Amino acid sequence: MIKMQGNKKAADKIISVYWFAILFIVAAGIVFMVSSFYGKPYEVREIEVGLLADKGADCVSYAGFLREGVLSQEFKDSFLEICDITFETEDSYGWTDESEYFLQLNFYDFDSYQNTNKNSLFEASAGNQRLQNFCQLKGKGFPVCLERKLYILDKEGKKYVVKINSIVKKIEKNSQ
């Protein structure tokens, strides 16, 4: 039997070159994935505006019926406190001057709303009303707006349409 002796050192050097190439590719992939994941802020304004509208809807109705005291002056004057909604934001971007949120609840009689006579019976709103001017505009630098309609009954069976308009600005933090 004849033994063939190969050059083990040369074979090890070739394998180590491939090994370092694979390590470099894996490390570059990990760096790319981490930078793409953490590189941009999350755009959560659409979720936030939906939650704000849901909170307003839950405040005025329960199981499809109008809650007691909603169509009163007391509710209109302090519906944020009654609904347990706060518009406080962090002051890291200088937002303490004006609110970054707007919530408006318009109540209509169901029959007159269907007949295009859309005169509001009752309205309650809070927040920065100037944000309404930007709802027709779309893009990164504009607030996110959401309009929902809610159909509810009162105890006597009278039907109402509640139009909920919620707006979230927070442009500096969320849409860079």
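I began with one term: buried means under 20% relative accessible area, exposed means over 50%, and partly exposed lies in between. Lys170 has 9%, so I put it down as buried. The model I am reading is predicted.

**Entry: the whole chain**

I looked up the overall make-up. The protein chain has six helices and six strands. Read along the sequence, they run α-α-β-β-α-α-β-α-β-β-β-α. I noted that 31% of the 176 residues count as buried. The chain exposes about 12500 Å², and carbon and sulfur atoms supply 57% of that area. Residues 24 or more positions apart account for 70% of them.

**Entry: the core**

Which residues touch the most other members of the largest nonpolar core? I found four phenylalanines: Phe75, Phe79, Phe87 and Phe107. The core has 27 residues. Among the elements that each supply at least two of its residues are H2, helix H4 (79-82) and strand S3 (101-109). H2 gives the largest share, six residues. I wrote down a general point beside this: in soluble globular proteins, nonpolar side chains tend to be buried together.

I then followed Phe107. I left aside its neighbours within four places in sequence. Its contacts include Val60, Leu66, Val70 and Leu71. They also include Phe122, Ile152, Val161 and Val162.

**Entry: a nonpolar patch outside**

I turned to the surface. Twelve names are on my list for one nonpolar patch: Ile22, Val26, Ile30, Phe32, Met33, Val34, Phe37, Tyr38, Tyr42, Val44, Ile47 and Leu51. Together they have about 1300 Å² of accessible area. Helix H1 (8-38) and helix H2 (45-60) each supply at least two residues of the patch. H1 gives the most, with eight. I checked one member, Val26, which sits in helix H1. Val26 has a relative accessible area of 45%, so I marked it partly exposed.

**Entry: disulfides**

How many disulfides does the structure hold? I found two. Counting bonded cysteines along the chain, the pattern is 1-2, 3-4.

Cys59 is joined to Cys83, with 1.8 Å from S to S. The angle about the S-S bond is -75°, and this link is left-handed. Cys59 lies in helix H2 and Cys83 in the loop between H4 and S3, so the bond ties together parts 24 residues apart in sequence. Cys59 is buried at 12% relative accessibility. Cys83 is buried at 5%.

Cys135 and Cys145 form a disulfide with sulfur atoms 2.1 Å apart. This link is left-handed, with -90° about the S-S bond. Cys135 is in the loop between S4 and S5, and Cys145 is in strand S5, ten residues apart. Cys145 has 21%, so it is partly exposed.

**Entry: salt bridges**

I listed three salt bridges. Opposite charges can pair when the charged atoms of their side chains come close.

The side chains of Glu48 and Lys170 meet at 3.1 Å, N to O. Glu48 is in helix H2 and Lys170 is in the loop between S6 and helix H6 (171-174), so the pair ties together parts 122 residues apart in sequence. I had already marked Lys170 as buried.

Arg148 and Asp54 form a salt bridge at 2.2 Å, N to O. Arg148 is in strand S5 and Asp54 in helix H2, 94 residues apart. Arg148 is partly exposed at 33% relative accessibility. Asp54 is partly exposed, with 33%.

Glu68 pairs with Lys155, with the closest N and O atoms 2.6 Å apart. Glu68 is in the loop between strand S2 (65-66) and helix H3 (73-77), and Lys155 is in the loop between S5 and S6. They are 87 residues apart. Glu68 has 67% relative accessibility, so I marked it exposed. Lys155 is exposed at 65%.

**Entry: Gln104**

Last, I looked up Gln104 in strand S3. Buried or exposed? Gln104 is buried, with 11% relative accessible area. Its C-alpha atom is 7.2 Å from that of Glu123, 19 residues apart along the chain. Beyond neighbours within four places in sequence, Gln104 is in contact with Glu123, Ala124, Ser125, Gln132, Lys163, Ile164 and Asn165.

Terms used. Residues numbered from 1 in each chain as written. Predicted model: local features only at pLDDT ≥ 70, side-chain atom pairs only at ≥ 80, totals over all residues. Heavy atoms only, no water. Patch = residues over 30% accessible without salt bridge, like charges linked within 9 Å, V, L, I, M, F, W, Y side chains within 5 Å. Areas by Shrake-Rupley, 256 points an atom, 1.4 Å probe, with all protein chains shown as cover. Salt bridge = Lys/Arg side-chain N within 4 Å of Asp/Glu carboxyl O. Helix = DSSP H or I, 4+ residues; strand = E, 2+ residues; numbered from the N terminus. Buried < 20%, exposed > 50% of the residue type's maximum accessible area, 1.4 Å probe, protein only. Core = buried A, V, L, I, M, F, W, Y, C linked by side-chain atoms within 4.5 Å. Contact = heavy atoms within 4.5 Å. Disulfide = S-S within 2.5 Å.
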